[in-house]
Amino acid sequence: MSGEIYFSNNYRDLSEQHGTGAGFQFEFSCSRCYDTWRSPFEAFTTGQVAGWLGKGVSAAWSLIGGTATNSLTNAADGLAGANWGSSRDAAFQRAIGNAQSHFNRCGRCTHYVCGRCWNSAQGLCLGCSPDTAAEAVAAQQRGLNDMVTQQAYQQGQQSGQSYDVSTPRQLVCPQCRAETHGTPFCPGCGFRLAQPSTCTGCHNEVPDGAAFCPTCGTRR
């Protein structure tokens with residue numbers, strides 16, 4: 001195996017250095033669907049021995065009431081730490097070798113994908129070389145949706161021809177600050193909204209808040 005590290009951005013290191021469960025395990029994920037595959041667990045014997053030894057020493061000291069740090073435990077932890085790096089790298093290389101039988105490297109985008117995301121006939125992932133039947137069905141659905149959208153838009157245009165766009169509207173009531181949605185009167189306090197500034201009868205200016213035109217008496 002080459003010393004180069006692959007799967008540099010789509011793997012997770014699940015290894016544990018210390019304790020009775022010390023060991024090496026790596027989780028690799030498909031770059032397209034993100035399904036994962038885990039390498040078989042490999043025990044890190046030195047770390048496990050250190051863990052069991054630490055548990056035994058702690059139990060012994062608790063029985064005899066000791067409080068000092070045992071040099072044997074420190075020595076075991078030191079040995080585990082010294083061997084960890086090289087052991088982890090070797091386990092990682094073995095995990096990569098196993099993972100390569102579960103993943104395929106796309107010749108176009110260079111991503112590693114699982115078997116379900118692989119177009120073996122083209123040697124490309126399904127992201128770069130989508131399944132033809134699936135694309136045809138998806139295109140049909142897009143065409144259907146586009147036509148429905150177009151028809152709905154045309155129906156909206158026809159309905160909009162009768163909509164009065166010249167009438168002033170207030171979307172928020174100036175009295176109680178409620179949302180009005182363009183109604184003539186506030187649904188919260190009943191305040192009349194968007195009152196015209198000129199009289200509809202004589203077209204003179206009407207003061208704000210006036211219910212009738214002061215010039216001709218036309219109700220506002």
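Glu42 forms a salt bridge (a side-chain nitrogen of Lys or Arg within 4 Å of a carboxyl oxygen of Asp or Glu) with Arg94, and the closest N and O atoms are 2.6 Å apart. This pair links distant parts of the chain: Glu42 sits in strand β5 (residues 42-43) and Arg94 in helix α2, 52 residues apart. Helices (H or I, at least four residues) and strands (E, at least two) are DSSP runs, numbered from the N terminus. Glu42 is partly exposed, at 25% relative accessible area. Arg94 is also partly exposed, at 42%. Buried means under 20% relative accessible area, exposed over 50%, and partly exposed in between (1.4 Å probe, protein chains only).

The model is predicted; local features need pLDDT of at least 70, side-chain atom pairs count only at pLDDT 80 or more, and totals for chains, interfaces and linings use all residues. Residues are numbered from 1 along each chain as its sequence is written, and side-chain values use heavy atoms, with hydrogens and water left out.

By this rule the count is six salt bridges. One of them joins Arg88 and Asp13, at 2.9 Å from N to O. Arg88 belongs to helix α2 (residues 71-99) and Asp13 to strand β1 (residues 11-13), so the pair ties together parts 75 residues apart in sequence. Arg88 is buried, at 15% relative accessibility. Asp13 is partly exposed, at 34%.

Arg116 and Asp35 also meet in a salt bridge, at 2.5 Å from N to O. Arg116 lies in the loop between β7 (112-114) and β8 (118-119), and Asp35 in the loop between β3 (26-29) and β4 (36-38), so parts 81 residues apart in sequence are tied together. Arg116 is exposed, at 64%. Salt bridges also link Arg12, Glu27 and Arg38 in a network.
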